[in-house]
Amino acid sequence: MAVLFDQESRTFSEFLLVPNLTTKDCTPDNVDLSTPLVKYRRGEEECPLRINIPFTSAIMQSVSDSGLAVALARSGGLSFIYASQPIADQAEMVRKVKKFKAGIVVSDCNLTPNHTLQDVLDLKEKTGHSTVAVTDDGTATGVLLGLVTSRDYRISRMQTTTKVGEFMTPLVQLITGRDGITLSEANDIIWDHKLNQLPIVTESGNLVGLVFRKDYEQHKANPLELLDHDKRLMTGAGINTHDYRERVPALVEAGADVLCIDSSDGFTEWQADTLAWIRERYGDSVKVGGGNVVDKDGFDYLAAAGADFIKVGIGGGSICITREQKGIGVGQASAVMAVSQARDEWFRRTGDYIPICSDGGIVYDYHMSLALALGADFMMLGRYFARFEESPTRRLLVNGSYVKEYWGEGSNRARNWQRYGQTTSGHMMFEEGVDSYVPYAGLLRDNIAQTLAKMRATFCACGALSIPELQKKARLVRVSATSIVEGGAHDVIAKESERN
């Protein structure tokens with residue numbers, strides 16, 4: 001007969017945190033929200049890959065493209081660029097993120113003196129960059145002959161056939177840095193000479209890259225920026241269990257920092273095969289997560305298969321209807337608790353700490369602190385990020401309010417046939433996601449700042465200054481339906497201007 005679990009399936013809304021003693025050092029500015037993203041062994045000084053805030057963005061067409069990835073990395077989190085697109089397109093999105101800020105940037109705008117102003121304009125339209133390096137062969141590593149910036153030409157007073165060599169700023173008028181210079185030294189030169197960019201060249205005059213003033217300023221404005229060893233923004237990418245033999249090499253070559261298998265159910269032999277192939281081909285150099293699972297058996301299976309982190313949650317997303325379509329899933333709070341216990345047992349038994357990611361079930365900001373308190377190391381968020389200006393969907397005016405489109409990977413709109421193993425005839429036999437709108441919320445940076453402020457305040461009320469300390473100290477109570485009502489504004493007439 002079927003196995004019946006004794007415990008109820010519970011959601012985050014069924015719990016509240018009970019305050020602990022708040023000591024004088026428990027202030028929001030002392031709270032550290034950084035967290036490990038991938039597996040590490042007991043005794044290692046630090047995890048090989050950490051994120052500065054416990055947020056990752058969902059592997060969804062309507063959430064995670066290169067624009068959202070840049071914005072989130074600059075705030076300290078990590079995006080997983082969606083996999084339900086051609087391999088070349090996904091790899092190009094990864095490249096865009098890695099090129100956005102790199103300390104010393106390899107130029108992707110290069111021409112020769114014999115090109116024309118029209119070529120400059122076309123290149124600017126293609127890349128969005130206004131600085132063009134002029135080299136002898138038009139490559140990123142050719143001998144530097146000059147630079148073209150928007151100050152070197154006026155479209156209204158020049159013919160588009162004018163040769164680049166006639167209006168570029170020649171090398172003799174440029175200040176350059178030698179190959180081997182540190183980023184700090186390059187920034188000093190930029191500030192001393194009031195430059196917007198500094199070309200870095202070899203002794204033979206070949207271009208190495210460019211250092212931009214704006215990158216220094218942006219870093220100072222975003223102290224939690226998530227950067228790799230080369231000072232480039234970090235990004236993840238989704239993969240599937242069908243074309244991974246072609247997709248993984250392309251994403252690795254493009255510079256993806258971490259991969260994640262995108263599936264509604266990760267407790268499968270297909271995921272084990274995918275992980276085995278990656279380990280055989282790349283060893284431990286490529287970090288890859290698996291999931292989704294909801295219990296100890298699922299966690300243990302993917303842990304044994306070699307997953308670097310494991311995602312938790314089935315059917316809890318705001319656009320996910322897996323539970324009502326297939327009757328499969330577990331309340332997100334219960335799933336996180338069960339899998340976190342399995343993670344801790346695995347750590348005690350093997351010495352490998354495998355972080356878990358809570359994916360789905362987040363409705364309010366306080367749910368994020370609950371997810372962490374219940375054992376999650378970080379979260380994957382879809383609806384939360386879909387609302388922001390930087391997400392890839394359209395902003396529309398619907399019934400007098402601005403909204404953004406948001407659809408699930410299991411909806412017909414996503415056309416994600418492979419993920420669900422259904423027909424490729426142009427529609428799915430049944431959907432596991434819906435097509436919807438979410439209220440437009442403005443810029444990612446502003447919203448994350450508010451959410452993090454709430455989380456830091458919650459941590460302080462619980463007497464915790466880090467995620468591990470919160471998990472150790474957290475005390476929770478289950479709530480009744482009436483206490484949920486009591487917890488919000490009630491028995492008053494709220495002023496709209498005072499409600500945010």
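**Close-up views of aromatic rings**

View 1. Phenylalanine 309 is buried, with a relative accessible area of 0% (buried means under 20% relative accessible area, exposed over 50%, partly exposed in between, with a 1.4 Å probe and protein chains only). Phenylalanine 80 is buried as well, at 0%. This is a predicted model, in which local features need pLDDT of at least 70, side-chain atom pairs count only at pLDDT 80 or more, and totals for chains, interfaces and linings use all residues. Residues are numbered from 1 along each chain as its sequence is written, and side-chain values use heavy atoms, leaving out hydrogens and water.

**View 2. Aromatic pairs.** Rings of Phe, Tyr and Trp (its six-membered ring) pair if their centres lie within 6.5 Å; planes under 30 degrees apart count as stacked, over 60 as edge-to-face and the rest as tilted. By this rule there are 14 aromatic pairs. One of them, phenylalanine 80 with phenylalanine 309, is tilted, with 5.9 Å centre to centre and 50° between the planes.

**View 3. Tryptophan 277 and tyrosine 282.** Both residues, tryptophan 277 and tyrosine 282, are buried. Their ring centres are 6.4 Å apart and their planes stand at 70°, so the pair is edge-to-face.

**View 4. An aromatic cluster.** Phe55, Tyr384, Phe385 and Phe388 together form one aromatic cluster.

**View 5. Charges over rings.** A charge sits over a ring if NZ of Lys or CZ of Arg is within 6 Å of the ring centre and within 35 degrees of the ring normal. Arginine 213 lies over the face of tryptophan 191, 4.4 Å from the ring centre. The charged end of arginine 395 is over the ring of tyrosine 440, at 4.8 Å from its centre.
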